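Colleague: Hi! Could you walk me through this structure, one piece at a time?
Modeller: Happy to. Here is what we will be looking at.

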Amino acid sequence: MAETITQAPETVNLTIDGKKVTVPKGTLLITAAFQAGADVPYFCHHPRLKPAGACRMCLVRIEKMAKLQTACTVPVSEGMVVDTLSPEVKQAQQGILEFLLINHPLDCPICDRGGECPLQNMTFQYGPGVTRFIDEKRHFPKPVPLNDYVSIDRERCIQCSRCTRFQAEIAGDGALAIESRGNSAVIAPFSLDGFQSHFSGNTVELCPVGALLSRPYRFQSRPWEFHSTDSVCSMCGVGCNIAVQTRTNQLMRVNSRLNEDVNEEWTCDTGKFEQYWVNSEERITTPMIRRASVLKPCSWDEALTAVAEAFSSAAKSSSNTVAGIGSTRTSNEEAYLFQRIFRTALGSNNIDHRMHDFPIRPMETSLAAIGEAKAIVAIGFDPKQYLPVVWLRIYKAISNGNATYAHVSSVDDPAVEAALAVGEGAILLTDDHIASADLDKLTKRAKSAGAKINVLLPDNNSWGAILMGVLPDRLPSLQPVGNGARPKFEALWGGPVPDKPGLATWDILKAGAAGDIRALYVLGSNPVASFPDRDLAASALEKIPFVVVQDLFLSESAQYANVFLPASSFIEKAGTFTNIEGRVQPFGAAIRPVGDSKPDWQILSELYARLGASAPFFGPADIAREIAHSADKNTFAGDRR
Amino acid sequence: MSLWDDIKALAEEVKAPLTGLSITDSYSRQPRVTIQYPDVRRPLSRRARWRHVLNRYENGLEKCIGCSLCAGACPANAIYVKAAENTAENRVSPGERYAEQYEINMIRCIFCGYCEEACPTQAIQLKDIYELADDERKDLIYTKEMMLTPAPEEE
């Protein structure tokens, strides 16, 4: 066995600290050293960035080479003998750290990186302990804001160039550059109007010192003080894996988590910095009921009883007079429970989440496959703006595989033709605003060329709402309401399910404006602001005698609410989101619900009990179990890592 | 049994209490150890570790920089620090950072002095203020205002 491995042509054998290792040809020495169990300290090396050899920390002795070499820049070669432990190497490590610390201020106690700082750790582990430098250190104004999210403390910078390389090689915008040389070298934005990037937050995580800092997180907490919870970003459909870091029941910081299939280890700035609305003082945290045309705080029991009575009396007269508008932002469990309540307790299919009609079509490739494409065209939308982490995959294809890329406004653009000419390996990206006629035309052309089409839905749980059946004509797993799947759900839910498709959002609003709807449940959405015909939405909500709005904030739609139910944000509850690829990803509760607010599933479960549920749901896992029972294996794998 | 015998027996009986009283008497001549607290207070050891004090520099700025190292070192998890940034208009401490809120839960505190040891600016010190009893739990959470030494101009 060992014989065959050593003779395979694409591997290389070398000895590191007396230990023999076999690694693929082209591997960098530092990676091979880690594989051999050697501990080589480093700052500028990063497995996803090209080698730079900027920090000189990873010096090792390679036999037959005149001087110490940087392990992060040397590819392995056959028969190499490497020593990472000799006194010579130790002395070099101490010397490099002494050099790096000459200009580095010792303000670790007030530095946001202190406690999770590679420079601090390496100094403790490899450093000399004392310095011979007694002169005044280099000074710069600090901290200098680079954009709304990131500021720079240039005194702390060790010029490792991780940030500039990230911006150039991964984000593809080269928004940061090293200015000047030698002792006056500083990191500066390339553009005069600041650090213009959708991915600037990643440089804060990459920075091995406290030079690039998050502005919203500045002085909020120390790394050993917060609690980190695995979560999934709620800002767009990509579903980046994030760690939500909280202290004193408040969000402190969002960091990325590794998931090679989704976001690798990156996030966009929206995902990292625009989540602080969960701490907002403007959140409504007590239920409210309208009395004498003013919303007044009330108890949960009062609010839920009023909702249950209004909906059951309306449904008793005719199930067509109740309707529900769901959301693309609630979890799978909540979407499922919402449609189950409408279909069984109220006997109505008048339930939808869409704000406009769009083609329901799963992606034909995975997200990761976009990074391997040969030609990519984004039609009708800018991925960098709307699904930023998809852009990172596109740029990966451009930079690694020399893929062509264009973003165009029409399906008839010559760039589409050029991509289709590539055939296999061409990927067309479009968003939910593409006309179905255009999509059909495109599908035909793509099919004959062997290209793939990905329709990217924008919101974090667009697919969840669809697959959980928050649609007037579909049960969970896209089963039509009229066909043979209905009896299965009737048995599971213990009651009849109407077999006629209900009203879609636009029909609900039209019927509402015409006075045919008596009770409307708005769960987590805001039709008055996001429905294309806002006047119709406003007049419908005004005309409908009983409107329930369940949300975090007093939205435009909540101005028309008879009852307002305060929901909790995604960091206050557990559940699952389904991303644009249909990947079901779990997220955990990081903090307790703020104030008197409750998670959506709990509000729905308590309402369901008042509408006569046979057994209540005690948690999202309860609901997930039922979904896993009823759904296709493909749509809800119950993947709860 | 003669009268003389009676007298001897009586003397024998009186001797024991008198011996005892003489010991009492010898003690009553020794210096007193009881201190009339709270009118009189016993001086404490120079190293006594009681309630914390947050120090200031001579120019009135707080020594505390809100770094939370005391909270990190605290084995009883009794310290809460919330930091904020110094501005030109509101300068509380030298440098960039200061403690906006600083609380110690004296019920939890075990007076080990690790906070003092961890402090990089010698802002926190355990002094000899030992009268900490209270009948309300929440009054035993000491805030920054309660622990700060008075500013020079306020004196």
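**A chat about the model**

Modeller: Let's start in chain B: Pro38(B) sits in the loop between α1 (3–28) and β1 of that chain. Keep in mind that this is a predicted model.

Colleague: Okay! Which residue is joined to Pro38(B) by a cis peptide bond, and what is omega there?
Modeller: That is Tyr37(B), and omega for the bond is about 0 degrees. For background, most peptide bonds are trans.

Colleague: And in chain A, where is there a cis peptide bond?
Modeller: Between Lys142(A) and Pro143(A), with omega at about -15 degrees. Pro143(A) belongs to the loop between α4 (118–126) and β6 (144–145) of chain A.

Colleague: Is Gly66(B) buried or exposed?
Modeller: Buried: its relative accessibility is 2%, and buried means under 20%.

Colleague: What does Gly66(B) touch, leaving aside its neighbours within four places in sequence?
Modeller: Its contacts are Val81(B), Ala83(B), Arg97(B), Tyr98(B) and Ala99(B). Take Val81(B): it is 15 residues away from Gly66(B) along the chain, and their C-alpha atoms are 6.4 Å apart.

Colleague: Where do I find Arg56(A) and Ser477(A)?
Modeller: Arg56(A) is in the loop between α2 (29–35) and β3 (59–62) of chain A. Ser477(A) is in the loop between β22 (474–475) and β23 (479–480) of chain A.

Colleague: And are they buried or exposed?
Modeller: Arg56(A) counts as partly exposed because its relative accessibility is 39%. Ser477(A) has a relative accessible area of 7%, so it is buried.

Colleague: Let's zoom out. What domains does chain A have?
Modeller: The domain assignment gives domain 1 (2–85), domain 2 (135–279), domain 3 (288–358 + 463–630) and domain 4 (367–456).

Colleague: How far apart are the centres of domain 2 and domain 4 of chain A?
Modeller: Taken over C-alpha atoms, those centres are 30 Å apart. The contact between these domains involves 19 residues of domain 2 and 15 residues of domain 4.

Colleague: What about the largest nonpolar core?
Modeller: It has 73 residues, and those touching the most other members are Phe311(A), Leu428(A), Tyr521(A) and Leu565(A). Helix α8 (residues 300–317) of chain A gives the largest share, nine residues. Domain 3 and domain 4 of chain A each supply at least three residues to this core. Another core, of 56 residues, lies apart from it and includes Val60(A) and Tyr126(A).

Colleague: Last one: how do the axes of α9(A) and α21(A) cross?
Modeller: At roughly 75 degrees, coming within 9 Å of each other. The two helices are therefore roughly perpendicular.

Colleague: Which residues of these helices meet?
Modeller: From α9(A), the list includes Tyr336(A), Leu337(A) and Arg340(A), and from α21(A), Ile623(A), Ala624(A) and Ile627(A) are among them. The residues of this contact divide into six nonpolar, two polar and three charged.

Technical notes: Residues numbered from 1 in each chain as written. Chains lettered and ligands numbered in written order. Predicted model: local features only at pLDDT ≥ 70, side-chain atom pairs only at ≥ 80, totals over all residues. Heavy atoms only, no water. Axes fitted to C-alpha atoms, helices over the stretch in contact; angles between N-to-C directions. Helix = DSSP H or I, 4+ residues; strand = E, 2+ residues; numbered from the N terminus. Parallel < 35°, antiparallel > 145°, perpendicular 65-115°, else oblique. Contact = heavy atoms within 4.5 Å. Nonpolar A, V, L, I, M, F, W, Y, C, P; charged D, E, K, R; others polar. Core = buried A, V, L, I, M, F, W, Y, C linked by side-chain atoms within 4.5 Å. Buried < 20%, exposed > 50% of the residue type's maximum accessible area, 1.4 Å probe, protein only. Domains from an automatic or database assignment.
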